[in-house]
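I opened this notebook to follow the charged side chains through one structure and to write down what I looked up, step by step. The sequence and the structure come first, and my entries follow.

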Amino acid sequence: QVQLTESGGGLVQAGGSLRLSCAASGRAFRNYAMEWFRQPPGKEREFVAAISRSGSTSYADYVKGRITISRDNIKNTVNLQMNSLKPEDTAVYYCAATTTGVYRDSAYMNYWGKGTLVTVSL
């Protein structure tokens, strides 16, 4: 079992930055690929970024160059540094963990956090 808890969401002006963190319980953190998804108001949940067990990263095209995912296997955390935020980045951001070997697809995540709200104003 892995429990995931997101933090760092809030209200920010367009062009600003936020750093989201996800704290994971359990000793098997290093065995999971970690991902961030988001769900904009009234829309489906969508992939944002992923980091493999070895540290390889993958990003959705609409955040590439503005968002960086990282992990700390000592502290059992995964972070999402978001820069140059846009109003369309407004969403609930979810942290997820997977051992399935399938990335970027919410159907293949084993565990989810409860989410943290990011609101980007004009």
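**Charged pairs**

I began with burial and found that Asp89 is buried and that Arg38 is buried as well, where buried means under 20% relative accessible area, exposed over 50% and partly exposed in between, taken with a 1.4 Å probe on protein chains only. I note that the model is predicted, that local features need pLDDT of at least 70 and side-chain atom pairs pLDDT 80 or more, while totals for chains, interfaces and linings use all residues. Residues are numbered from 1 along each chain as its sequence is written, and side-chain values use heavy atoms, with hydrogens and water left out.

Next I looked up salt bridges, each being a side-chain nitrogen of Lys or Arg within 4 Å of a carboxyl oxygen of Asp or Glu, and the count by this rule is 4.

I then turned to Asp89 and Arg38, whose side chains meet in a salt bridge at 2.9 Å, N to O. This pair links distant parts of the chain, 51 residues apart, with Asp89 in the loop between strand E8 (77-82) and strand E9 (91-98) and Arg38 in strand E4 (residues 33-39); strands are DSSP runs of at least two residues, numbered from the N terminus.

Arg38 also forms a salt bridge with Glu46, with the closest N and O atoms 2.6 Å apart. I recorded Arg38 as buried because its relative accessibility is 4%, and Glu46 as partly exposed because its value is 24%.

Lastly I checked Lys64, which forms a salt bridge with Asp61 at 3.3 Å between the closest N and O atoms. Asp61 has 64% relative accessibility and therefore counts as exposed. Through shared partners, salt bridges join Arg38, Glu46, Arg66 and Asp89 into one network.

Note on methods
Helix = DSSP H or I, 4+ residues; strand = E, 2+ residues; numbered from the N terminus.
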